[in-house]
Amino acid sequence: MRFRVRDLDRPLAAMPALPESHPSAAESQLVAGLIDMIGGSALFGEQMLLAEEQERCYRAISDLRRLIGETGEMLPADALGADDLLAMKAACRKYLDLAEAWDKKSGRRFSMPSYRFYQMLGAFREMMGLHLWRLGDLHDLDVDGRLVAFFPGSKE
């Protein structure tokens, strides 16, 4: 089931209003493709990731970071939502840096305790959900219902 982002409740009252300018159809199509690919990622799937799947999560976030970067390179520098793409890429980098720091501290790869893994994954999903919502709103897109659960203020 797909939802039009603009038809959903605004998640945060502090979110800035939409700009007067409108994105081009090509920009919107690129962003829609990115959002669909993110929605298909194991990170935002219907099945919960287990703490034992840290390597899978790490690789999925690395792939998302690359995908977001490639999409950002195809968009003009002044494109609507370019700052959101940069923030999403930074969120990926932050997750990867924190995971690597934990691995160095423990002396083993993918050895994060369950509570820490879920805290980091939750914070990552929350950040990504905020920016995905903003991109969907800026480009007036329909998104997969699974992603709506990660939008700020979601009732699900």
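Tutor: A salt bridge here is a side-chain nitrogen of Lys or Arg within 4 Å of a carboxyl oxygen of Asp or Glu. The structure is a predicted model.

Student: How many salt bridges does a search of the whole structure find?
Tutor: Side chains of opposite charge can pair when their charged atoms come close. With the 4 Å limit applied, the search over the whole structure gives a total of 9.

Student: Why can Arg 59 and Glu 55 be about one helical turn apart?
Tutor: Their side chains meet in a salt bridge, N to O, at 2.3 Å. Glu 55 is partly exposed, at 34% relative accessible area. Both residues belong to helix H2 (residues 54-74), and they are about one turn apart because their spacing in that helix is 4 residues.

Student: Which residue forms a salt bridge with Glu 100, and how far apart are the closest N and O atoms?
Tutor: Glu 100 counts as partly exposed, at 27% relative accessibility. The closest N and O atoms are 3.9 Å apart, which is within the 4 Å limit, and the partner is Arg 93.

Student: In the salt bridge of Arg 109 with Asp 103, is Asp 103 buried or exposed?
Tutor: The closest N and O atoms of this pair are 3.3 Å apart. Arg 109 is partly exposed at 48% relative accessibility. Asp 103 has 6% and the cut-off for burial is under 20%, so Asp 103 counts as buried.

Student: What is the C-alpha to C-alpha distance between Cys 92 and Ile 61?
Tutor: Cys 92 lies in helix H3 (residues 82-106) and is buried, with 0% relative accessible area. Leaving aside neighbours within four places in sequence, its contacts are Ile 61, Leu 64, Arg 65, Ile 68 and Phe 124. Cys 92 and Ile 61 are 31 residues apart in sequence, while the C-alpha distance is 6.0 Å.

Student: How many residues are in the largest nonpolar core?
Tutor: Nonpolar side chains tend to be buried together in soluble globular proteins. Residues with the most contacts inside this core are Ile 38, Leu 43, Phe 44, Tyr 95 and Phe 124. Two or more residues each come from helix H1 (25-39), H2, H3, helix H4 (114-138) and helix H5 (145-148). The core's size is 41 residues.

Student: How are H2 and H4 oriented, roughly parallel or roughly antiparallel?
Tutor: The axes of H2 and H4 come within 12 Å and cross at roughly 25°. The contact involves Gln 54, Cys 57, Ile 61, Leu 64 and Ile 68 of H2, and Phe 117, Leu 121, Phe 124 and Met 128 of H4. H2 passes H4 in a left-handed crossing. Angles under 35 degrees count as roughly parallel, so H2 and H4 are roughly parallel.

Student: Where is His 139 found?
Tutor: His 139 is buried, with a relative accessible area of 5%. Leaving aside neighbours within four places in sequence, His 139 is in contact with Pro 23, Glu 27, Ser 28, Val 31 and Leu 80. Its place is the loop between H4 and strand E2 (142-144).

Note on methods:
Residues are numbered from 1 along each chain as its sequence is written. This is a predicted model: local features need pLDDT of at least 70, side-chain atom pairs count only at pLDDT 80 or more; totals for chains, interfaces and linings use all residues. Side-chain values use heavy atoms; hydrogens and water are left out. Buried means under 20% relative accessible area, exposed over 50%, partly exposed in between (1.4 Å probe, protein chains only). Contact means heavy atoms within 4.5 Å. A nonpolar core is a set of buried Ala, Val, Leu, Ile, Met, Phe, Trp, Tyr and Cys residues joined through side-chain atoms within 4.5 Å. Axes are lines fitted to C-alpha atoms, for helices over the stretch in contact, and angles run from 0 to 180 degrees between N-to-C directions. Angles under 35 degrees count as roughly parallel, over 145 as roughly antiparallel, 65 to 115 as roughly perpendicular and the rest as oblique. A crossing is left-handed if the near helix is turned anticlockwise from the far one by less than a right angle, and right-handed if clockwise.
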